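Let's take a walk through this one together. Have a look at the fold before reading on.

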Amino acid sequence: FVRCFFGPFLHGRRQGASPRQAVEDALGRIRRKYPKFQGALLALDKLGRHAGDTNCMNFSYSLASAASPDVQVIQVSPSVPCSV
């Protein structure tokens with residue numbers, strides 16, 4: 001399933017899309033085909049920028065780096081409400 005959307009996701013990143021743009025675009029593609037999809041996507045780049053987006057569920061991820069070793073827990077709510 002993810003493999004179908006992985007190519008466009010990587011293409012957007014190669015074209016200079018930010019992690020936020022990449023997850024929004026990829027999740028938008030999934031939503032169009034599977035509106036009630038329950039899942040989340042996470043993207044990060046070599047500069048340390050990160051973004052997550054989710055559909056039909058809340059999601060959290062942990063983040064730490066050499067520059068910021070304290071673990072941060074990032075909460076992500078669905079960017080588009082899921083219709084039941």
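Predicted model: local features only at pLDDT ≥ 70, side-chain atom pairs only at ≥ 80, totals over all residues.

Residues are numbered from 1 along each chain as its sequence is written, and side-chain values use heavy atoms, leaving out hydrogens and water.

Now the layout. The chain has two helices and four strands, and from the N terminus on they run α-α-β-β-β-β. Helices here are DSSP runs of H or I with at least four residues, strands are runs of E with at least two, and both are numbered from the N terminus. Of the 84 residues, 31% are buried (under 20% relative accessible area, with exposed over 50% and partly exposed in between, using a 1.4 Å probe and protein chains only).

Helix 2 covers residues 19-33, and its 15 residues should span 21 Å, because the expected span is 1.5 Å times one less than the number of residues. Its end C-alpha atoms are 22 Å apart, which agrees. Buried residues in helix 2 include A22, V23, A26, L27 and I30. An α-helix has 3.6 residues a turn, so residues three or four places apart point the same way.

Finally, check C56, in the loop between strand 2 (50-55) and strand 3 (59-63). C56 is not a glycine, yet has a positive phi of about 65 degrees. With a relative accessible area of 17%, C56 is buried.
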